[in-house]
Amino acid sequence: MSNTIYQEVKVFAPATVANVSVGFDVLGFAIDRPGDEIVARRIDGQQGLSIKIITGTGDKKLPYTIEKNTAGYAAAQLLRHLGQEALGIELEIHKKMPFGSGMGSSAASAAGAVVAVNELLGAPLSRESLLYFAVEGEQVADGAFHADNVGPSLLGGILLIRSNQDLDVHRLPVPEGLQIAVVHPEIEILTKDARAVLGDQVALSTAIAQSGNLASFVAALFTNDLMLLSRSLQDVMVEPQRKQLIKGFDDVQSAALKSGALGCGISGAGPSIFCLCDSGYLAQSAGQAMQQAFASHSIESQLYVSPINQQGVIVLSKS
Ligand code: HSE
């Protein structure tokens with residue numbers, strides 16, 4: 001923490017893969033790219049927070065009203081907590097990834113906004129203490145309070161959330177050499193719609209299988225056992241309900257596994273699909289095979305290959 005007050009802070013907030021097949025709402029990791037850039041700037045003579053510009057949304061629009069914007073609401077909640085809601089601050093939100101993509105776009109903007117504003121004020125709060133405000137911001141987008149995207153975007157790494165209500169969040173070890181391919185097909189799915197397709201009952205046999213897989217996935221990270229990790233990455237609970245929203249899902253998943261991926265599943269609420277691999281070379285070739293599978297269903301896609309991002313939000317400049 002420093003007491004220096006800055007005029008302008010620019011940050012980068014990374015994309016994330018939530019759920020990771022076996023941890024619906026309780027597991028997520030960050031990747032190096034894509035990600036959003038957020039600028040927070042002090043404006044003398046202005047009363048309160050405003051959003052000056054939002055770029056990168058193509059022909060879609062995001063709200064400029066603070067209460068309706070994930071970044072704006074997160075920053076406003078932080079400023080209110082600090083008793084600084086009257087301070088003149090404007091935000092710039094530069095979207096560098098599509099929303100409705102399953103890569104945590106709204107979460108990245110919320111995480112970036114709280115870090116940018118906190119830094120602008122001389123970092124009165126720790127990074128961990130910012131999580132609550134960022135999760136409140138993301139809740140504006142889908143109505144649910146879960147940190148599986150916001151947490152890793154803010155803090156980096158692979159995070160396990162024991163309780164979303166209590167924000168009891170734990171960092172898990174990352175096996176050496178683990179690489180991720182994320183393929184984003186040109187389909188849009190809003191998280192609130194992907195949540196609406198889920199039933200509210202789970203059969204006991206499904207709960208047993210899913211908890212065995214989640215526990216074994218965590219054990220595999222601690223023991224660096226990639227074969228156990230591979231056996232564990234099977235979503236028997238949510239994927240069967242959501243995959244019909246993603247045309248070609250079964251073919252894409254099977255292309256990744258045939259190419260040697262350790263596991264493959266829906267990234268967050270979809271439609272992006274991720275796979276975990278034990279080398280960058282394999283992640284690249286599995287990702288390309290996944291793209292070809294989408295192409296065979298006449299769906300264009302983008303591929304991102306990355307290690308697990310360990311930093312979370314980074315400050316690009318401060319003045
Ligand atoms: N856990 C969330 C979901 C992530 O799958 O609905 C997307 O925000």
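Trainee: How many residues of domain 1 are in contact with how many residues of domain 2?
Mentor: This is a predicted model, and its domain assignment gives domain 1 (8-172 + 310-318) and domain 2 (179-307). The C-alpha centres of domain 1 and domain 2 lie 24 Å apart. As for the contact between them, 30 residues of domain 1 are in contact with 40 residues of domain 2.

Trainee: Which residues is Leu154 in contact with, leaving aside its neighbours within four places in sequence?
Mentor: Once its neighbours within four places in sequence are left aside, the residues in contact with Leu154 are Ala111, Val114, Val115, Arg127, Leu130, Leu131, Gln311, Gly312 and Val313.

Trainee: At what angle do helices α1 and α3 cross?
Mentor: Two packed helices are described by the angle between their axes and the distance between the axes. In this crossing, which is right-handed, Thr70, Tyr73, Ala74, Gln77, Leu78 and His81 in α1 meet Phe133, Ala134, Glu136, Gly137, Glu138, Val140 and Ala141 in α3, and by class the contact has seven nonpolar, four polar and two charged residues. The axes of α1 (residues 70-81) and α3 (residues 131-142) come within 7 Å, and they cross at roughly 145°.

Trainee: How many charged residues has the contact of α1 with α2?
Mentor: Helices α1 and α2 pack at an angle of about 35°, with their axes 8 Å apart, and their crossing is right-handed. On the α1 side the residues are Thr70, Ala71, Ala74, Ala75, Leu78 and Leu79, which meet Ser106, Ser109, Ala110, Ala113, Val114, Val117 and Asn118 in α2. Sorted by class, this contact has nine nonpolar residues, four polar residues and, as for charged residues, none.

Trainee: Is Phe12 buried or exposed?
Mentor: Phe12 has its place in strand β1 (residues 8-18), and, not counting residues up to four places away in sequence, Phe12 touches Asp32, Pro34, Gly35, Asp36, Glu37, Gly312, Val313, Ile314 and Leu316. The cut-off for a buried residue is under 20% relative accessible area. Because its relative accessibility is 15%, Phe12 counts as buried.

Trainee: What is omega for the cis peptide bond that joins Gly270 and Pro271?
Mentor: Most residues other than glycine have a negative phi, and most peptide bonds are trans. A cis peptide bond joins Arg33 and Pro34, with omega about 5°, and Pro34 lies in strand β2 (residues 27-42). Pro271, by its place, is found in the loop between β8 (263-266) and β9 (273-277), and for the cis bond that joins Gly270 and Pro271 omega is about 10°.

Trainee: What is the phi of Val20, although it is not a glycine?
Mentor: Val20 lies in the loop between β1 and β2, and at 0% relative accessibility Val20 counts as buried. Ser21 is found in the loop between β1 and β2, is buried with a relative accessible area of 5%, and has a positive phi of about 70° although it is not a glycine. For Val20, phi is positive at about 50°.

How values were computed: Residues are numbered from 1 along each chain as its sequence is written. This is a predicted model: local features need pLDDT of at least 70, side-chain atom pairs count only at pLDDT 80 or more; totals for chains, interfaces and linings use all residues. Side-chain values use heavy atoms; hydrogens and water are left out. Contact means heavy atoms within 4.5 Å. Axes are lines fitted to C-alpha atoms, for helices over the stretch in contact, and angles run from 0 to 180 degrees between N-to-C directions. Helices (H or I, at least four residues) and strands (E, at least two) are DSSP runs, numbered from the N terminus. A crossing is left-handed if the near helix is turned anticlockwise from the far one by less than a right angle, and right-handed if clockwise. Ala, Val, Leu, Ile, Met, Phe, Trp, Tyr, Cys and Pro count as nonpolar, Asp, Glu, Lys and Arg as charged, and the others, Gly among them, as polar. Domain bounds come from an automatic or database domain assignment. Buried means under 20% relative accessible area, exposed over 50%, partly exposed in between (1.4 Å probe, protein chains only).
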